[in-house]
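User: I would like to learn how to read domains and contacts in a model. Could you please guide me through an example?

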Amino acid sequence: MSNILNISPSPHVHGKETTQKLMFGVVVALIPAFITSVLYFGIGAIIVTATSVISCLVFEFLIQKFIFKKPLTITDGSALVTGLLLAFNLPSNIPVIIIIIGSFVSIAVAKMTFGGLGNNPFNPALVGRVFMLISFPVQMTSWPVPSGLKTGYIDAVTGATPLAIIKEGLKNGEPLSDLMDKVPSFTQMFLGKMGGSMGEVAAIALLLGFAYMLYKKIITWHIPVSIIGTIAIFTTILWLNNPEQNATPMFHILSGGVLLGSIFMATDYVTSPMNTKAMILYGCCIGILTVIIRVWGAYPEGVSFAILIMNAFVPLMNAYIKPKRFGEEVKNG
Amino acid sequence: MLKTFPSGGIHPPENKLTANIQIGHLPVPESVTIPLSQHIGAPATLIVNKGDYVKTGQLIATAKGFVSSNIHSSVSGKVNKIDTIIDTSGYRQPAVFIDVEGDEWIETIDKSDKIVRDITLSPEDIKKRLLDSGIVGMGGATFPSHVKLAVPEGKRCNILIINGVECEPYLTSDHRLMLEKGEEILIGISLLMKTLKVEKAKIGIENNKPDAIAHLTKLAAGFKGITVHALKLKYPQGAEKQLIKALTDREVPSGHLPLDVGAVVHNVGTAYAVYEAVQKNKPLFERVVTITGKSLTKPGNFVVRIGTPISRLIEAAGGLPGDTGKIVSGGPMMGKAISNQDVPVIKGTSGIVVFPENESEREESGPCIRCSKCISVCPLNLEPFLLMKLSEKGLFERAEKERITDCMECGSCSYTCPAHRPLLDYIRLGKSTVIRMARERNLK
């Protein structure tokens with residue numbers, strides 16, 4: 001025994017949870033989506049994911065080592081999660097150099113300029129993705145058609161996403177019932193057999209990841225459920241109001257980035273509100289904004305923008321929406 | 001569904017290593033050190049001098065003012081010196097050093113094992129007896145019991161809550177007491193009910209102690225108005241406000257006392273001490289202490305005389321293990337790490353936990369990732385991450401608005417934080433500063 005006793009203040013035990021474990025929990029939850037993306041998009045999925053993850057890690061390492069000059073925290077897993085999520089938001093045929101630029105924006109601009117993990121106001125992966133979408137609109141919206149493991153990389157056969165088919169079609173005055181025949185069935189959409197970002201297509205894989213994160217208590221249900229619920233309610237109203245102009249709620253939920261966004265992006269600890277009341281409000285606002293952008297906006301897809309817009313409101317929500325304190329109300333016994 | 005308090009709370013590993021070990025008696029040591037401040041409130045006033053011979057149970061210091069407590073000698077022998085010591089609180093306190101000679105008890109104490117069931121004293125006499133006997137809250141907070149029993153004008157009490165939760169990991173002194181002294185505890189509760197003039201008493205016990213729940217439920221059938229309630233396992237259920245919420249659904253308002261919702265809370269250990277003081281005329285000079293730790297060879301529960309050095313307890317548990325890194329007085333969640341083994345057992349010492357070196361150092365802390373786990377475990381629905389930040393930056397006015405003084409320092413936030421941030425350390429700093437500021441403001 002050392003002669004010196006430790007006299008740190010209480011508590012003297014710790015729950016053994018660590019930032020690293022939480023981050024790797026998210027990584028585990030993303031595995032099903034990664035597997036389905038490889039099954040549908042082949043080698044391209046692997047190249048995009050590897051490039052994104054490696055470049056995010058390298059940029060974080062370089063900035064911490066040469067600019068921050070503080071102890072390296074590259075192993076905390078946060079850059080790994082950002083890299084994976086960025087990759088999952090990209091088409092599987094996007095050139096490597098664009099991925100590296102996107103990773104740089106995610107890590108260097110969106111995360112490290114604010115001081116690194118815990119300080120960034122906007123979701124780094126989404127900032128990277130939106131930067132790429134605006135800067136490289138052609139490459140970012142040519143979606144390979146899922147055609148199994150043999151799918152090539154840059155030369156993959158491409159097609160439009162279900163959301164884009166509907167958006168374009170409605171703009172050209174085609175009736176929705178005809179358009180619905182051109183998009184995959186709900187079963188196919190649920191399994192992910194449609195064009196789109198490589199990680200967002202397979203609803204089943206994302207829901208598996210959601211269940212895992214709930215089970216492991218990595219996230220709570222509040223944000224994903226309020227986003228999906230709001231989208232469901234809002235699109236139901238539109239659909240009932242005019243079924244020839246508006247797609248069904250099921251279509252909206254299964255298409256595009258709703259599930260990936262609500263389960264993995266909107267729940268990012270750093271950029272989401274910190275108490276349940278604010279979480280639900282935040283989720284509802286994301287849901288409403290998503291539908292507004294999809295139905296009335298210029299882009300067929302709106303989840304990324306909706307989340308980024310709501311990220312900006314998070315500090316305000318944290319400051320003004322407070323949990324109801326124990327003993328706040330004076331009641332008589 | 002089992003009852004519990006609604007929001008927050010954690011489930012630390014229980015590690016109740018000594019739950020099945022009968023309470024033993026620790027031999028009277030050759031000398032004791034009895035601090036004059038073992039309770040919340042003013043230190044007691046010394047009434048013996050160096051060289052005096054005192055008997056076991058003899059009054060050696062009297063309560064100074066209403067919120068204070070009498071202190072009795074726990075041994076017979078000669079007062080060797082009166083000096084200051086560093087006690088479990090970490091502060092320097094005056095204390096009486098007594099060299100033991102034999103074990104001669106004062107004559108008034110009923111030393112027999114016979115259980116005295118008849119309650120003869122009037123409420124006023126019971127209160128006086130508790131004051132005379134130096135009874136304080138035995139759960140660890142050591143609030144003088146007679147103060148809690150004095151219901152002020154205009155307030156009314158209609159329920160007595162008995163805390164048998166023992167939600168701290170490792171500790172088992174209350175658990176053993178409930179199993180071995182169940183009837184005495186129930187008589188003690190009846191005495192408290194008589195004093196408070198209440199008809200109902202609820203004993204709350206967490207369901208990790210099914211034997212104690214069954215035992216007391218069976219015994220309580222013979223007592224009017226006392227019921228036993230199994231509670232869902234959740235820390236910090238033993239906290240006064242959380243326990244009242246769990247058992248009665250009454251919520252004590254922020255900054256108020258349980259009496260404001262008509263409840264008074266006492267610990268099972270206190271109920272036992274009340275029984276001994278009133279029915280056996282025995283002042284509080286010994287208590288049950290759990291001595292435990294994963295590396296100890298013979299952990300156990302012992303009746304220990306107040307003032308016994310902790311080193312004697314550790315010897316009785318097989319000696320200090322070679323890998324010891326920390327000794328904690330109290331439970332691992334809220335107890336205090338002590339700096340040396342000469343520190344004496346006092347009225348509030350419910351247990352001593354010895355931690356091996358690999359469990360006594362904290363992990364390095366990282367940046368807050370805003371995961372909000374601290375908020376979700378806070379039983380008072382505070383925002384620990386924010387309170388820490390405000391305290392760190394010296395923004396104490398804002399911390400006060402965010403109700404930093406509501407914090408009861410249960411440690412659930414620090415326990416949960418994945419970034420290992422020292423949340424509670426900073427909250428304590430902020431809380432004490434805010435309390436000082438408020439006091440200065442009131443003086444103006």
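**Domains and contacts**

Analyst: Chain A is divided into domain 1 (19–140) and domain 2 (167–320), with bounds that come from an automatic or database domain assignment. This is a predicted model, in which local features need pLDDT of at least 70, side-chain atom pairs count only at pLDDT 80 or more, and totals for chains, interfaces and linings use all residues. Residues are numbered from 1 along each chain as its sequence is written, while chains are lettered from A and ligands numbered from 1 in the order in which they are written.

User: What separates the centres of domain 1 and domain 2 of chain A, and how many residues does each give to the contact?

Analyst: Two residues are in contact if their C-beta atoms, placed from the backbone, lie within 7 Å. Taken over C-alpha atoms, the centres of the two domains of chain A are 21 Å apart. Domain 1 of chain A gives 32 residues to the contact and domain 2 of chain A gives 28 residues.

User: Which elements give two or more residues to the side of domain 1 of chain A that touches domain 2 of chain A?

Analyst: Helices (H or I, at least four residues) and strands (E, at least two) are DSSP runs, numbered from the N terminus. On that side of domain 1 of chain A, the elements are helices H1 (19–41), H2 (43–68), H3 (78–88) and H5 (124–135) of chain A. The largest share, 13 residues, belongs to H1(A).

User: How many residues of chain B are in contact with chain A?

Analyst: In this contact, 56 residues of chain B meet 34 residues of chain A. E15(B) gives the most to the chain B side, with five residues.
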